[in-house]
Structures are given as C-alpha cells and as structure tokens.
Amino acid sequence: MQQILDALKQSVMIEDVRKQRDDLVFITVSEAQAVSAITHLRDRANFTHLVILTAVDWLEEGLFQLTYLLNNPAEKKDIGVRVMIDREKAQMESIHHLWPAAATYQRELREMFGISFPGSPRLNETFILDEGWDGPPPYRRDFDTLKYSEETYFPRPGRSTNDPAEYMKSMLYPEVDND
Amino acid sequence: MRSNDDFLSKKIVPGVEGDEIEVDPIRDYYCDAVPQVSREYKRAYPSIIDRFKNWARSESIWILAYGSGCGAIEMRPLMTPKYDAYQYGIQWRPTPRQANLLMVSGYLSLKTLRIVIRAYEQMPSPKYVMGLGSCTINGGMYYDSYNTINRLDYYLPVDVYVAGCMPRPESLLDGLELLKKLIREGKGHGADIYAEKFEWYKANQKKILKSWNMPDYSW
Amino acid sequence: MISLKPDRSKFPVAGDDGQLIIDRESGQFSELFLGPVHPGMTGNMSLEMLIQGDEIMKAKTHVGYLHRGFEKLMERRRFIQCFPICVRIAVPEPDFNEYLLAATIEELAGIEVPDAALWMRTLLLEMSRLQSYLAWIGGQGSSFGLGLIGQWTIWARDLVLDRFEEITGGRIYHMHMPPGGVRSLLPEGFRRRMTDTLDTIEQVMKDVDKALFQNSVYKTRSVGLGYIDPAMVDRWGVTGPNARGAGIARDVRKDYPYLKYPELDFEVAVGKDSDAYTRADVRRRDLLTTVDLIRQILERIPDSGEFMAKVPNVLHWKIPRGETYKRAECTRGEYGYYTVTDGSGYPRRINVRGPSYTHAVTLLEKMIVNVNLADAAGLMSSLHTYPPEIER
C-alpha cells in the first residue's frame with residue numbers, strides 16, 4: 001500500500017492519509033487533482049473497480065466531502081479518495097469516462113445533494129424522486145425531513161415520538177431535573 | 001399495404017348505431033367522466049338480490065397482483081401449498097380490469113402513489129382496498145420520510161387494514177376473511193365512498209403529487 | 001420457410017456520435033412502458049423501451065418507486081435505532097444489512113465480537129443466502145413461463161423461514177445482529193430440524209434441476225441471452241454471480257474473508273459462457289455450496305458461551321469521528337456499507353452499496369439492446385435485480 005501511495009505522490013499532492021485497516025486507506029486530494037489521481041490509480045495501480053461514489057455533507061464546515069472508493073481486485077486493496085468541495089459552489093469534474101456506472105452515481109448525487117457534474121450523461125433527468133418534487137435536495141443536512149413530512153403528508157394524530165435517551169431518563173429518574 | 005402516413009392519420013370509422021366517429025390513432029382514449037355512486041349504496045334495506053350479490057362477491061376476491069412495498073414478498077407464499085389462498089376463492093390477476101381488490105402492500109412513495117391511484121381507478125366497481133403494514137396506517141417506520149405518505153385513507157378509501165411490519169401470511173388470510181365478512185354484510189362500499197367524496201380525495205392527491213400530468217379520472 | 005434470424009436490413013444505423021439514428025415519424029418504432037411490476041424482479045422498476053417489431057432498440061430505466069430515503073432517516077436516528085430500520089432496505093435478504101451496519105459500527109467503536117456470535121452470524125447469513133436463492137430460482141422460472149418452479153422453491157423457502165423463526169422470532173426481518181453480537185444462540189433441537197430442511201432442499205433442487213435446467217424451453221431461451229463480456233466486468237462494476245458467470249472468480253467470502261469463512265471449506269462456483277443460463281447454473285451451484293456450508297457450520301457452532309460483547313449504554317453511545325467501508329457477498333454481488341461518524345450520538349452518513357446499483361441501470365441499459373421483448377423479463381431476472389438497493 002505504501003508503494004502505491006509513494007508512486008501517487010510523485011504526480012499528485014496528497015493532503016492527508018488515514019489508514020483504517022491494512023487493506024483500506026483514505027487519502028485526501030485537492031479538487032483540481034482528484035480526477036488525475038483517480039485516473040492514475042485506475043490505470044497505473046490497477047484500482048479498476050469503482051465501489052462507491054458518494055458525498056458527505058459537513059454543514060458546519062461548509063464543505064461537501066466526495067468519496068471515491070476504489071478497489072484493486074488483484075491485490076485485494078481499497079483506497080478511498082476524499083475530495084473536499086465548497087458547499088456553496090457544489091461542482092465537480094465528472095468521471096463517467098472512466099467508469100460508465102459513475103454516471104448513475106453522479107445523477108444520484110445531483111438529485112440528492114445538488115452537486116453538479118458538468119458533462120455527465122442524463123445528469124438533469126429525475127432519477128429517484130418524483131417529477132413533482134419541489135423541495136431542496138433532500139440529503140443535504142439543512143433539509144428537515146420530519147418537518148416536511150408533517151407539513152405534507154397528513155400525519156395521523158395520536159402518534160408521538162420521543163428521543164429515547166430523554167424518554168428513558170424521564171421515565172426512570174423523574175426526580176432528576178433534566179438539563 | 002397502407003402507407004405509414006395513412007396509418008397514423010385521423011380517419012372516420014362507422015359507429016355501432018350507424019353514426020360516424022372520428023378516430024385519432026395518436027391520441028389516448030379513456031373515459032374521464034367522474035365516478036357515480038351505485039344504486040345499492042345507502043339503501044335502507046338490502047334486497048334479497050343485493051344479499052345474493054354480496055355473497056357472490058365475497059367469495060370471489062380477485063387481487064391485483066401489484067406489490068407496492070416489502071409486504072409483497074409475503075403474498076407469494078400465499079399462492080403456494082403451505083398457505084394456499086386459492087381455496088378461499090382468492091386469486092391474483094395481472095391487470096386492474098380483472099381485479100376487484102387492490103392490496104397496497106406497504107409504504108407508498110410518491111411515484112408509486114401515482115401508479116396506485118390510476119390502477120385503482122381502472123378497476124371495475126365494486127372494488128376494495130386493503131392496506132398492509134403499519135406504514136399504510138400512520139407511516140410506521142417511515143413516519144418522518146419525505147417521500148412516503150403517512151396515511152393511505154386520505155388518498156384511497158380503505159376497507160381493511162392489516163397491521164404488522166410486515167404482516168405474516170396468517171394475518172393476511174385473517175384480513176381477507178374480515179374483508180369477506182364486511183362484503184357479506186353489505187359494508188364494502190369503498191368505490192361509492194370514493195365517488196361521493198371524489199373532490200376531497202382528488203384535492204389530497206393533488207396536494208402531494210405536485211406535477212399532476214395525468215387525467216383526473218381515467219378508466 | 002420462415003427464417004428465425006431477425007431481419008437486420010432495416011435495423012437503424014449508428015450516427016456520428018455512436019447513437020442510433022431513430023426516425024420516430026417513420027412509424028416503424030413504438031414506445032412501450034414496461035413496469036413498474038413485472039415478472040422479472042422482486043420490487044418495482046420500469047423500463048421505457050423503444051421497440052421495432054418485437055426487438056428492443058433502446059431502453060431507459062426508471063427507478064425510485066420504492067424510495068424511502070433510508071440514508072436520510074438513519075442520520076436522524078441513534079446507532080441502535082438504525083439497527084431495526086436498516087434491514088428494511090432489502091427484503092429478499094435483510095440480514096446482510098444488519099451484519100454490515102453492525103460490522104462498520106463495531107470497527108469504528110473498537111468492539112470485539114465474541115466467537116460464538118461470529119459463528120451465529122455466519123449461519124444466519126448463509127441461511128439468508130439460501131432462502132434468497134430459492135426465491136430467485138422461482139422468479140427465474142416464472143419469467144420464462146415455468147410457474148411450477150416457483151411453487152416448489154417458494155415452498156422450500158418457507159421451510160428456511162420457519163427455521164429463521166425458531167432462532168429469531170421473525171420470518172422475513174430478523175433483527176438478530178445488533179452491534180456487539182447476536183441476540184441469542186441456537187435453540188434446542190435446531191440442528192436436527194435444520195438438517196432435515198437441508199435434505200428436503202437438496203431433494204427439491206434435484207427436481208428443479210430436471211424441470212428447469214434440463215428443460216428445452218428454458219435452455220433455448222436462456223442460452224446466449226444477456227452475454228456479459230469478461231472485459232466489461234471491472235469497467236461496468238459487475239460483481240457476484242454475474243461476474244462469476246463470466247469466468248471471473250470473484251467472491252467476497254474468499255477474497256476479503258469476514259466472520260468465520262476462512263475456517264470453512266468451500267469452492268467458488270464459476271461458469272464460463274456468461275449468458276443467462278450460465279448465471280443461473282452458477283447460482284444453483286452456489287446454493288448447493290451454501291447447503292454444504294450450513295452443514296459445516298452446524299457441526300462447529302458452539303451451543304453456549306458469550307454471545308454479546310460489552311457495549312456502552314446504547315442511548316448515550318457516541319462514536320468518535322471516523323469512516324470505514326465493509327463489504328459482504330450477498331446473492332446479488334458485493335454488498336457494502338460506508339459509514340461516517342462525527343463524534344456525536346448519530347451517524348453522520350451511512351451509504352449503502354447495493355450490487356443492483358451498477359447491474360440494473362447502466363449495465364442493463366447496455367445489455368437490453370437487440371433483445372427480444374419477451375426475454376426482457378428473463379434478462380432482468382438473470383441479473384438478479386432488486387430495485388430498493390438502487391434508490392434505498
């Protein structure tokens with residue numbers, strides 16, 4: 001694994017390396033160099049299988065984290081390439097030319113997170129959501145799904161939901177003042 | 001052989017009563033008249049013919065083989081020897097035109113709700129709706145999901161609910177028995193209730209299906 | 001004399017951009033919407049097809065009929081609350097969801113699972129695989145017009161569900177593997193009843209072999225249908241039996257050993273012709289391997305011992321910031337969970353990788369071109385598509 005990273009470092013600036021397991025490493029690269037890093041890993045280091053492409057919303061830091069998880073089936077190793085992009089200007093280079101399946105992932109990210117991938121096929125067609133969806137991209141953390149559901153879907157009265165920790169505390173120790 | 005232009009263009013065909021009807025092959029033909037309440041609905045005393053009809057209807061429940069959620073996987077064992085729903089006069093039909101029971105087998109996402117509404121409207125009256133699983137009753141596990149409806153009875157008239165996540169085949173059979181009992185007692189008036197409160201149901205449906213790109217009623 | 005080969009002279013030619021030039025005004029083409037429910041699969045998904053005669057020219061998939069937003073819902077639930085909800089993602093074999101969620105959480109929180117619990121998890125996952133394959137063979141038979149196969153295998157699947165009920169109390173959703181271990185070990189007399197069930201299933205599979213795999217109708221229609229080029233496997237993200245049918249021995253159980261699989265003795269079934277028939281045969285042999293594995297597990301699984309690790313109070317359970325990915329081999333291919341935590345009591349993000357994601361959208365749209373309309377359902381079934389994995 002170390003050799004692969006050393007070879008990659010010669011062409012790409014790696015900001016952060018975090019070893020999760022012997023066969024799984026997460027690296028962080030910059031937005032501009034991400035696609036060349038992924039191409040290098042695919043073509044030179046034999047990471048030929050795109051396992052997942054997904055995003056994580058770091059709302060507090062104003063960033064989207066894109067994770068490209070690549071797998072080397074011959075050596076049985078995984079590398080997670082993390083790319084931090086700006087949340088306001090959510091846009092990333094497309095990788096559908098490397099893996100055709102990536103177009104599907106990018107369509108999903110476009111719909112669910114509002115991240116744009118210019119040039120990716122059928123990007124703006126609805127994928128999962130109903131064509132009448134008028135809310136914000138639902139997987140963003142500032143979208144409150146419970147509030148949306150209560151306002152839209154006629155909740156049946158009588159159903160109550162408790163936070164389990166608070167509920168157990170108040171049931172078991174009613175005398176303690178919950179702060 | 002006719003040329004293609006000819007095939008797709010409008011033409012006049014003779015009708016049954018000697019009149020002439022203009023037919024456009026490109027257009028979809030459907031009846032969009034608003035449904036009407038049947039004569040048996042709210043009759044003070046059911047006649048003996050009504051009772052006979054109800055008995056006959058209760059013994060031939062034909063289910064639309066449409067699974068909208070996870071509950072559909074428990075319908076398959078009902079068709080096999082172990083549970084064998086066919087012995088109760090219940091069978092699955094491939095099209096809405098042949099079915100009289102719509103089993104909504106679980107949560108309904110918005111896209112599926114469109115399909116379910118159209119399938120229900122295309123079924124011939126009298127028709128019944130059965131909601132399976134707690135997700136059709138009050139949202140169940142998905143009470144806070146932005147894409148699934150919370151209660152089915154705001155969009156379609158539900159005759160029987162079967163609770164559970166997911167309901168076992170035994171409870172499905174029990175629910176079907178209950179439905180039969182309701183039909184025999186002359187309480188299976190879902191289609192009439194839908195016709196009577198048509199405006200209310202449509203308003204609810206249109207409230208959540210924001211782009212309503214289909215006819216209001218089609219059958 | 002009628003030629004069985006399709007007339008290619010009128011087939012649309014490709015333009016400069018590689019796309020077929022389709023003149024819709026010509027009246028040769030019609031559009032057809034297949035779905036959302038059809039015999040090809042468990043679950044709802046539609047195909048918008050452009051057909052010429054009975055041959056498919058082009059198809060677009062439409063998914064999202066079963067979208068519930070699990071990844072969003074899990075973000076607002078505590079770790080232990082995710083555990084009962086995550087199984088609902090996949091109905092045919094829910095146990096992989098429980099296992100992978102538990103495995104990622106255990107890895108991030110640094111929990112060691114006791115040995116007996118690992119054996120128990122292996123048993124449950126293999127039983128889950130068994131019942132999923134049995135349901136699939138029924139679906140494969142029905143999509144080629146052989147409804148009888150489904151009657152047999154669904155009945156046999158019910159026997160496995162009864163054994164599940166003995167252990168866990170649930171038929172479909174078991175919720176038996178919370179983070180930290182399992183809820184219980186084997187009940188009394190389970191071994192004997194499970195062995196009986198396995199004997200019955202082997203008997204049923206002999207009948208299925210005669211009635212389906214040696215059936216001339218099934219053979220004629222499925223041999224040569226839906227060829228996957230072995231060179232396509234990596235580029236299009238093909239995993240599981242679909243890749244093994246193409247001659248590429250890729251099995252997560254062997255390649256990335258998890259649970260107790262390194263201690264078990266099994267061979268990975270590999271085919272070479274890469275068509276629908278080969279894939280079905282690979283699945284049939286995989287099913288028999290699973291039967292054999294369950295026998296091995298039953299011999300070695302402990303009857304008593306610690307089965308739950310010490311887990312902090314789940315209501316106040318906070319997991320430090322981190323991320324990990326775990327995978328397991330389910331009947332359809334590589335199933336994976338990517339879990340990100342941020343130090344709070346709730347997961348930051350849980351992403352589910354369902355194998356159908358790559359199989360059913362891009363790969364299917366490519367493979368379905370030039371397929372006969374009547375074989376479309378069989379092709380989808382031979383990829384073992386399960387739509388809720390795509391949309392969750």
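A: **Packing within and between the chains**

Among contacts in chain B between residues at least 6 apart in sequence, 77% join residues at least 24 apart, where two residues are in contact if their C-beta atoms, placed from the backbone, lie within 7 Å. This is a predicted model, in which local features need pLDDT of at least 70 and side-chain atom pairs count only at pLDDT 80 or more, while totals for chains, interfaces and linings use all residues. Residues are numbered from 1 along each chain as its sequence is written, and chains are lettered from A and ligands numbered from 1 in the order in which they are written.

Chain B has eight helices and seven strands; helices (H or I, at least four residues) and strands (E, at least two) are DSSP runs, numbered from the N terminus. Of the 219 residues in chain B, 40% are buried, and a residue is called buried if 20 or more other C-beta atoms lie within 10 Å of its own, exposed if 12 or fewer, and partly exposed in between, with C-beta atoms placed from the backbone.

The largest nonpolar core has 194 residues, a nonpolar core being a set of buried Ala, Val, Leu, Ile, Met, Phe, Trp, Tyr and Cys residues joined through C-beta atoms within 7 Å. The residues with the most contacts inside this core are Leu70(A), Val81(A), Leu101(B), Val104(B), Met130(B) and Met120(C). Its largest share, 14 residues, comes from helix H4 (residues 115-143) of chain C. Because domain 1 (25-62) and domain 2 (70-374) of chain C both give residues to the core, it lies between them; these domain bounds come from an automatic or database domain assignment. In soluble globular proteins, nonpolar side chains tend to be buried together.

Leaving aside residues up to four places away in sequence, Val104(B) touches several others, including Val116(B), Met130(B) and Leu152(B). A buried residue of chain C is Ala328(C), which has 21 other C-beta atoms within 10 Å and is found in strand S4 (residues 322-330) of chain C. Among the residues that Ala328(C) touches, again not counting those up to four places away in sequence, are Phe96(C), Leu100(C) and Tyr258(C). Ala328(C) and Tyr258(C) are 70 residues apart in sequence, yet 7.6 Å apart in space, C-alpha to C-alpha.

Turning to chain A, five strands form an open sheet with mixed pairing, in the order S1-S2-S5-S4-S3, where two strands pair if DSSP finds at least two bridges between them. Strand S1 (14-21) and S3 of chain A stand at the edges, each with a single partner strand, so one side of each is left without a neighbour in the sheet. S4(A) and S5(A) run antiparallel and are joined by ten bridges, and Asn71(A) stands opposite Asp78(A) in S5(A).

Where the chains meet, 30 residues of chain A are in contact with 32 residues of chain C, and the largest share of the chain A side, six residues, comes from S3(A). That side has 20 nonpolar, eight polar and two charged residues, where Ala, Val, Leu, Ile, Met, Phe, Trp, Tyr, Cys and Pro count as nonpolar, Asp, Glu, Lys and Arg as charged, and the others, Gly among them, as polar. Between chains B and C, the contact takes 27 residues from chain B and 22 residues from chain C, and the residues on the chain B side divide into 13 nonpolar, nine polar and five charged.
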